[in-house]
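Thanks for coming. I will go through one structure today, part by part. Please have a look at it first.

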Amino acid sequence: MVFMRWPDGNPRCPYCDATKLTWLAKDGRYRCYGDHKPQKFSLKVGTVFEDSAIGLEKWLPAAWLICNAKNGISSYEIHRALGVTQKTAWFMMHRIRLAMVSKSFMKMGGSDSGPVEVDEAYLGGEPKNRHKSKRKLATVTPDYPWATERKVYPHQGRGTEKIAVFGMLDREARKVRAEIIPNVKREALMDAILRNVEKGATVYSDSFPTYKALPGLEFVHEAVNHVDEYVRGEVHTNGIENFWSLLKRGLKGTYVSVEPFHLDRYIAEQVFRFNNRATKDNPLDDSDRFMLAMSQIVGKRLTYAELTGKVGETETN
Ligand SMILES: [Zn+2]
């Protein structure tokens with residue numbers, strides 16, 4: 001853990017960056033001599049694990065499981081595997097997802113990249129037009145302990161309306177980005193593309209008319225018409241669609257419905273696994289993915305109040 005936080009192996013004070021520290025073995029903490037309070041700190045201070053009574057012997061295996069579960073993992077599985085309560089497991093998972101978020105300032109489709117596939121998707125619920133009588137009433141116990149059991153139509157109710165998500169895949173770099181967007185109108189889609197894709201890049205999309213604005217914004221645009229052609233040589237969006245199916249499978253199988261408030265972290269979790277999956281050129285394994293997430297634990301925090309100020313999700317299992 002010391003080497004994961006400080007790659008040179010020298011612990012530094014999270015408050016003043018001093019390296020002159022004493023290890024208090026009985027306390028399991030370091031002591032700094034700098035002029036600040038508190039002077040003692042644990043390895044967890046300044047990371048996503050800060051303020052948590054849960055020991056690293058639970059945090060680290062939980063992170064390993066989440067980084068490597070192809071279709072996601074439920075808080076019930078973490079609860080059973082690690083012997084923490086389900087409430088604790090749910091909270092741990094959201095914090096670990098925060099460590100899985102990586103933001104790049106580099107735009108996609110630049111000089112070293114390939115064409116960029118773009119596509120929009122709706123996530124987080126069932127279509128509203130599905131007739132109520134065709135659904136069965138079910139009893140669910142939401143995945144947060146302060147909620148009571150209730151009768152619901154599956155995929156119905158608060159927070160289960162569809163949420164628009166925009167995805168982009170750099171085909172050469174094999175990296176995907178996905179973000180929640182307010183709607184799929186031209187302004188929102190073009191804004192996401194302009195923020196993430198280099199001007200001049202080649203953009204592949206389906207024939208959704210909105211994308212016709214791309215050449216006017218200095219992009220090279222090719223569209224594939226899914227009605228009469230699925231793939232026209234290089235022009236297709238199969239890569240980003242593959243990402244959507246992985247994301248939807250994870251959301252459906254593991255998480256019955258997700259509050260919009262939490263959806264961005266679920267997306268980040270799947271983006272992390274997708275971008276760090278093993279390929280011929282880049283044979284990453286479970287341990288590599290774990291180490292990568294752990295290298296991103298610093299400087300991110302998510303408090304219990306932040307998480308529970310808005311209510312959580314419902315899970316199966
Ligand atoms: Zn200090």
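First, a word on naming: helices (H or I, at least four residues) and strands (E, at least two) are DSSP runs, numbered from the N terminus. This is a predicted model, where local features need pLDDT of at least 70 and side-chain atom pairs count only at pLDDT 80 or more, while totals for chains, interfaces and linings use all residues. Residues are numbered from 1 along each chain as its sequence is written, and side-chain values use heavy atoms, with hydrogens and water left out.

I start with the largest pocket. A pocket here is found on a 1 Å grid over the protein atoms alone, as an open set of points where a 1.4 Å probe fits, with protein on both sides within 12 Å along at least five of seven lines; lining residues have an atom within 4 Å of a point. Grid points are joined across faces, edges and corners, and a volume is the space filled by probe spheres set on the points. The largest pocket holds about 1000 Å³ of space. Its lining counts 37 residues, and those nearest its centre are Ser-102, Lys-103, Ser-104, Val-176 and Arg-177.

Which elements each supply at least two residues of that lining? They are helix H4 (86-100), S7, S8, H5 and helix H7 (260-275). H7 gives the largest share, seven residues. By class, the lining has 16 nonpolar, 10 polar and 11 charged residues. For these classes, Ala, Val, Leu, Ile, Met, Phe, Trp, Tyr, Cys and Pro count as nonpolar, Asp, Glu, Lys and Arg as charged, and the others, Gly among them, as polar.

Next, the sheet that contains S7 and S8. Two strands pair if DSSP finds at least two bridges between them. Five strands make up this open sheet, in the order S8-S7-S4-S9-S10, with mixed pairing. Strand S8 (175-180) and strand S10 (220-224) each have a single partner strand, so one side of each is left without a neighbour in the sheet. On average, neighbouring strands of this sheet are turned by 25° against each other, direction ignored. Angles run from 0 to 180 degrees between N-to-C directions, and axes are lines fitted to C-alpha atoms, for helices over the stretch in contact.

Strand S4 (residues 116-123) and strand S9 (residues 202-206) run parallel and are joined by two bridges. Val-116 has Val-203 in S9 as its bridge partner. Helix H5 (residues 186-196) packs on the sheet and touches S4, strand S7 (163-170) and S8, its direction making about 35° with that of S7. Contact means heavy atoms within 4.5 Å. In the loop between S7 and S8 sits Arg-174, which has a positive phi of about 55° although it is not a glycine.

The other sheet is open too, with three strands in the order S1-S2-S3 and antiparallel pairing. Strand S1 (21-24) and strand S3 (40-41) are at its edges. S1 and S2 pair over four bridges, and Leu-24 is partnered by Arg-29 in S2. These two strands form a hairpin with four residues between them, and Gly-28 in the turn has a positive phi of about 70°. Two bridges join strand S2 (residues 29-32) to S3; there, Arg-31 has Lys-40 as its bridge partner. The loop between S2 and S3 contains Pro-38, which a cis peptide bond joins to Lys-37, with omega about -5°.

Last, a helix pair. The axes of helix H2 (residues 56-68) and helix H8 (residues 286-294) come within 9 Å and cross at roughly 115°. By class, their contact has seven nonpolar, two polar and two charged residues.
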